[in-house]
Amino acid sequence: MDNPVIQVQGLDKSYGKVQALADLSLTVERGEVHGFLGPNGAGKTTAIRILLGLLRGDSGTATVLGADPWDQAVALHRRLAYVPGEVELWPNLSGGQAIDVLGKLRGGVDRARVEHVAKRFDLDLTKKGRTYSKGNRQKVALVAALAADVELLILDEPTAGLDPLMEAVFQSMIHEARDEGRTVLLSSHILAQVEVLADRVSIIRQGHIVETGTLTDLQQLARTSITAHLASPADDVAAMEGVHEFEQDEVRVHFEVETDHLDAVLKRLATLHVRSLVSRPPTLEQLLLRHYSDADSNASAS
Amino acid sequence: MTATRRITPTKRSGDKRSSSVFAGTRTLLLFALRRDRIRIPVWALSISLMSMAALAAIDDSFDDPESVAQIEVTMSSPAIVAITGPNYAPGEYTLGVMMGQRMLVWTLIAVAIMSIMLIVRHTRTEEATGRAELVRSAVVGRHASSFAAYMAVATANLAVAATVTLALGSAGADTVDWSGSLLYGAAHFATGLFFASVALVVVQISEFPRGVIGMGVGVVGVAFALRSAGDVAENGLSWVSPLGWGQATHVFHTDRWWPLAFLLIGALVLALLAAMLSTRRGVGAGLRAPRPSPATASSALTHPFGFAMRMQRGMVVGWSAGLFALGLTYGSVLPEMESFIEQFEELGAVFAEAGGATIMDSFVATIMMVLAVFASASAVLSAQRMRSEEVEGRAEPMLVAGLPRRTYYGAYVASAVLTTTVVMLAGALGFGLAGAAVVDGEVMRQTMVAAAGFIPALWVVSAVGFALVGIAPKFTAWVWALVAYSFVTVYLGPLLDLPEWTANLTPLGHPAQYPAEEWTWWPLLILTALAVLLIGIGAVAFRRRDFQSTI
């Protein structure tokens, strides 16, 4: 019953000489919102297209809802819905017609639900495909997917063209989907979105998953940033284990500290007559930046 | 803060007011020519090689006066006149005249289509893809993109004219002199420019590159039909056809330059019209405002086959109407054909014995073949459509919504089978109806039977496209080579004196040329089986390969 909804093991895929995926492994559990985070060109879309049975991996295994996505694509597609990052619509068909066509292919359309979701996204269903803006094309795909009665939602950077108001609607819709017991794979490079929505996160870089875990797990890997006004000099804090980016400006200090060493550093600060203290929780951004800058330094070294 | 740099407006925008709407033209022109650095030479070489090959092929026939006389009689037959053009040098028929009557119109059509495709490529396609927006946001005048595209196409036409002139002039044939060759080349330039202007006008109307090309080619079709009907009936209708103006130069006979003025003046007027229209619309928009559509899909649209047909609705209607009109044109000249036969009854008997068929039957069979070649161009469009839906990212959501690949493939195959049948029958119906009206009902039966023979051959053309989509999707467009090959061998084969086996390499060469030949069933069966086999191979390969998308 509680087999993972998506299970990928050692997946490789290359296009000619370009290696898109290298030994990619990914597990998405039932009922979770799984953030799939990585920079442009990291292999997110290639991985998703393999999960959808549109591409065939070179080696390794992929299982979606217990089935092989390549061999059993059609049966699988009835149980999932997908929103691509770039939505192309038929220029001559209205958004409503496109949603109907996609819904009927899946086995049926709940018109009431389509209209309900469209209303929440403030989408005009009668406009022709070519007259929609990028954001509205994306809404068409989102309405089609969110109105479908499916177990799994695969969303590939689904809100790239949406304004903040619609982003909020999207977030509440994803929360509802999770409450209904659906599983969501949410690929994104917008960290704030993943932080708000995801239960677990996998970070992909150059076709390989470099980190995976709950938000808390990953925050462990990141650093808390601290700004404090102290009555006494705090030179020795700079030398403490786990402290980075230490800056001192008379009585004001600013530094970042690894989560594991937070306790010790705070105890030391407490002895230095703290007048004020601001602490910012670790963000995935920092974590991600660390991975990117690793890549950058590797690149510049070579 | 005295060091602050103040942004002062430059005077550039004010002092060159007349050229500001053309600002950036030079850069854009060079860019367009760079993008077309392969395309333009390929067009120019293909067209001049075709002309050269035709000249070389017919040269041999002009050795003795007797055969020249016989050629002239053949070339004066309404069938030939309807298909290519009038004999404008009665009694003084020469090799050069035959080039002008028999070959010129084809290469004029080729430059017309080249000009339309290049204009659309550099204007509407750029707008539809959004690239134009990027360009227009730079220092680029309102008319710069269009003007640069026009100049690029003019350059292409100049290249065609120059290579054609060189190819013919240097051949050293008696009646094909340099001054005539220059006029022959110039006719290409003027015709190309005229249709570039036509394209520039239709580009303003519709937002879709495909639709614009359809409209432009439609204008070429109308021009062809007008000169076809006008040349046979000799009623002056050819003088309203832009293709007729090129032929009116009577090249290699009286070498008249003045009909080209019609083309150049027409080109100028249309270009100005296009410039005026372009200021009434926004970048990316058409003159026709898009209307809302229903918010729900009809039940036909939600069926994969209905959906595939809907995607091709405009194409099917356009091609059917076009072939129907062409059929009507040819059917309406049948009375002239009859009077021609009466006029040359003795010679007619010679022809009849040679082919075992009457001239009338040969004419009907020839026209049916002509219609089939035109229909073969529509036969490749379904596979191409399926491929572009895939590449442009619209097929993907359908497959991910549970549409099996084989159903998706099958829906487009079924649409191709239906489309080719409808288009071919529309041509046969037009021809048969006109023939029945002006001659007798027997023509109708003949055209229908002949059409039935060609339909499986058209299926094979479609099937080659579908096989390519499966096996070598990147080369789907190569199916056009088969259409071009069919055209050259079947249509020009007799003129170019090509050996018979060359016609056997195209599916269109296989059906019985009814009613000139005995009706046989077996080519139908073999062609249908071949189509099924090719489609099957394509289906298996399509299921096994990665789905592709450029977005």
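Author: An open sheet in chain A has four strands in the order β11-β12-β10-β13, and their pairing is antiparallel. This is a predicted model, in which local features need pLDDT of at least 70, side-chain atom pairs count only at pLDDT 80 or more, and totals for chains, interfaces and linings use all residues. Residues are numbered from 1 along each chain as its sequence is written, while chains are lettered from A and ligands numbered from 1 in the order in which they are written.

Reader: What makes β11(A) and β12(A) a pair?

Author: Two strands pair if DSSP finds at least two bridges between them. β11(A) and strand β12 (residues 252-258) of chain A have five bridges, in the antiparallel sense, and therefore count as paired. One of the bridges sets A:Asp249 against A:Arg252 in β12(A).

Reader: Why are β2 and β4 of chain A said to stand at the edges?

Author: Their sheet is open and has three strands in the order β2-β1-β4 (chain A), with antiparallel pairing. β2 (18-28) and β4 (59-64) each have a single partner strand, so one side of each lacks a neighbour in the sheet. The average twist from one strand to the next is 25 degrees. Strand β1 (residues 6-15) of chain A pairs with β2(A) over seven antiparallel bridges, and A:Gln7 has A:Thr27 in β2(A) as its bridge partner.

Reader: In which sense does β8(A) pair with β3(A), parallel or antiparallel?

Author: Strand β3 (residues 33-37) and strand β8 (residues 200-205) of chain A run parallel and are joined by four bridges; A:His34 has A:Arg200 in β8(A) as bridge partner. With strand β9 (residues 208-214) of chain A, β8(A) pairs in the antiparallel sense over six bridges. β8(A) and β9(A) form a hairpin with two residues between them, and A:Gln206 in the turn has a positive phi of about 45 degrees. A:Arg205 stands opposite A:His208 in β9(A).

Reader: Why is helix α1 of chain A called largely enclosed?

Author: A residue is buried if 20 or more other C-beta atoms lie within 10 Å of its own, exposed if 12 or fewer, and partly exposed in between, with C-beta atoms placed from the backbone. Eight of the eight residues of α1 (residues 44-51) are buried, so the rest of the structure largely encloses this helix. Among them are A:Lys44, A:Arg49 and A:Leu51. A:Gly53, which follows α1(A), has a positive phi near 75 degrees.

Reader: How do you know whether A:Leu215 is buried or partly exposed?

Author: A:Leu215 has 18 C-beta neighbours inside 10 Å and therefore counts as partly exposed. A:Leu215 lies in helix α8 (residues 215-221) of chain A. Leaving aside neighbours within four places in sequence, A:Leu215 is in contact (C-beta atoms, placed from the backbone, within 7 Å) with A:Glu195, A:Ala198 and A:Val201.

Reader: What makes A:Gln97 buried?

Author: A:Gln97 has 26 C-beta neighbours inside 10 Å and so counts as buried. A:Gln97 is placed in helix α3 of chain A. Not counting residues up to four places away in sequence, A:Gln97 touches B:Ser293, B:Pro294, B:Thr296, B:Ala297 and B:Leu301.

Reader: Why are α19(B) and α24(B) called roughly antiparallel?

Author: Angles under 35 degrees count as roughly parallel, over 145 as roughly antiparallel, 65 to 115 as roughly perpendicular and the rest as oblique. The axes of α19 (residues 359-379) and α24 (residues 479-491) of chain B come within 9 Å and cross at roughly 170 degrees. The two helices are therefore roughly antiparallel to each other. Their meeting residues include B:Met369 and B:Val373 in α19(B), and B:Phe487 and B:Tyr491 in α24(B).

Terms used
Axes are lines fitted to C-alpha atoms, for helices over the stretch in contact, and angles run from 0 to 180 degrees between N-to-C directions. Two residues are in contact if their C-beta atoms, placed from the backbone, lie within 7 Å.
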